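Hello,

Please find the structure below.

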Amino acid sequence: MPLFGAPGERIGYELYSHPDGAPPLVLIHGFTASKASFEVNLAGLREHFTVVSVELLGHGDSEAPEDPVFYRPERAVRRILQLLEHLGYGRALFCGHSLGGALALRLALEAPEWVAGLIVINSSSAAGDPQWRDAARPSMSEMAARVRAEGTGFMKKTRLYPAHSRRLDPLSRELLTRDFDRLAPAGVAGTAESLVVDVNAWERHPTLSVPFLLIVGERDADFAPNADAFLSRFPPDLARVVRLPEAGHAANIEQPRQFEEAVTGFAREIAYLRAPAAQGSMVLTALGGALVFGGLGLLAAALFFTGGNDSDGGTIAAAPETTRIATQSPVAQVAGTSASGQPTRPSVVGGTAVAPSPAATTPNASPSAAATATPTRPATVAPTQPAPATAAPQPTATPTDVPSPTAVPTASGPFAALSGPSTAAVGEAITVYAQSGGGNVLRTDIKLPTGQALTHQAGASYTSTAPGCYIFSATVYFADGKTLTATHAVSVGGVLCSGGQG
């Protein structure tokens, strides 16, 4: 496995290229695990994505420095972004399990311009509230101290040890046990002390600005009861959920086909992948924070592989094909789990959220360059835009309401709509999202206020440079030849938008 980064804090990763240059999917495992967490999913995911499987510092083949500061969330985020930049990708779809899900969420909050979409599986570190942080921090500190004093042997008697799991298939159990057995004490201690709790960003959940899919394994008793409350903290038009009633904590392993189908369906819904011509597009509907897949269910979240106090202990080598379509009602208060964490840099709200911009060339799988400074935002995602071509109206003292997004045809047939904020400040990133349905959608294009057209994108971001009325438009192309357009107006700096819809 190649290593990337500065000496002493290099992380292992594996790049699985796609013959047609498909966009990247970044997989991040959980605490004490490794890239083996997604071994059973690789074949299915590689049919649609260029897969990048990352190993956290102190895990798998990654280095395990003694100083716990290396494991801090801001450093973990920076390493992954530097790796993505090194591989030549401007943005990616991120999927994390357990602790990896919390890190992926933290990355999406801090650098949304790098994230086309976010998938979280069973993550108590992501879901926890401040009370959870207060309770979890002492136990993680105690674990770190004991590991430094005794090594990792005592952990083999806990539910963290994959060999104890009766829900993992034999291959995953073998690979994960192998990688657990070679964990360095410094890596486990540093992660427990500096990442498991501090990666949590509970206070910042409402600022998420990228499409988000939560996968819930309902047999995970640690996470599933808090899933509704967790999901309710995010903007309802961005958050979706899919449930797998028979899956526990390691949901992607326990029901691999359903997991892979859900990931692909989500990627198509946000226009990160094209829908197969023969099957048409898979439509995923956000209903008050819930995502309904036609005929699909999905998986779950918590902190450890064998966690969740599964109600049955049977070995799951092949998951049943029957799943349940689930909808969710948001819960007013959150009672999830989480880790603390003072953000070390401000959250970037309103970054580009939906469409891919993979590199034009296939990246080299074995780089040797060390990491440098934090990557800058990719030029393809949130470029500095010139002022709109048309002269902006003079600001008025108080902005007036702009019309709400419009849906273009009939309620029963094909439709297109464009949504986003109605007002924004000068210099604030404005993110808009297109919605469509009622037919086989071939592609969606977004036109920015400058006239720049972004093809195959269902969302885009633009940063205003002066007061004005900024008009976005979305054009949806259907397989039957129908083309529909929707527009959305944003008042910037107090300027009046009159009309605003086209």
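Which residues have the most contacts inside the largest nonpolar core? They are Phe49, Leu93, Phe94, Phe212 and Leu214, and the core itself has 96 residues. Helix α3, residues 99-110, gives the most to this core, with 8 residues. Another core lies apart from it and has 16 residues, including Ala434, Leu448, Ala460 and Tyr462. Please keep in mind that this is a predicted model.

Leaving aside neighbours within four places in sequence, Phe212 is in contact with Leu118, Val120, Phe230, Leu231, Phe234, Leu238, Ala239, Arg240 and Phe266.

Next, helix α2. This helix runs over residues 73-87, 15 residues in total. From its first C-alpha to its last, α2 reaches 21 Å, close to the 21 Å expected at 1.5 Å a residue. Of the 15 residues, 11 are buried, so α2 is largely enclosed by the rest of the structure. Among the buried ones are Pro73, Glu74, Arg79, Ile80 and Leu87. Just after α2 comes Gly88, with a positive phi of about 95 degrees.

Last, a sheet. It is open, has 5 strands in the order β12-β18-β17-β14-β15, and its pairing is mixed. Which strands are at the edges? They are β12 (423-424) and β15 (453-454), each of which pairs on one side only. The partner of β15 is β14, residues 441-447; the two pair in the antiparallel sense over 2 bridges. There, Ile446 stands opposite Leu454 in β15.

Regards

Note on methods. Residues are numbered from 1 along each chain as its sequence is written. This is a predicted model: local features need pLDDT of at least 70, side-chain atom pairs count only at pLDDT 80 or more; totals for chains, interfaces and linings use all residues. Side-chain values use heavy atoms; hydrogens and water are left out. Helices (H or I, at least four residues) and strands (E, at least two) are DSSP runs, numbered from the N terminus. The expected span of a helix is 1.5 Å times one less than its number of residues. Buried means under 20% relative accessible area, exposed over 50%, partly exposed in between (1.4 Å probe, protein chains only). A nonpolar core is a set of buried Ala, Val, Leu, Ile, Met, Phe, Trp, Tyr and Cys residues joined through side-chain atoms within 4.5 Å. Contact means heavy atoms within 4.5 Å. Two strands pair if DSSP finds at least two bridges between them.
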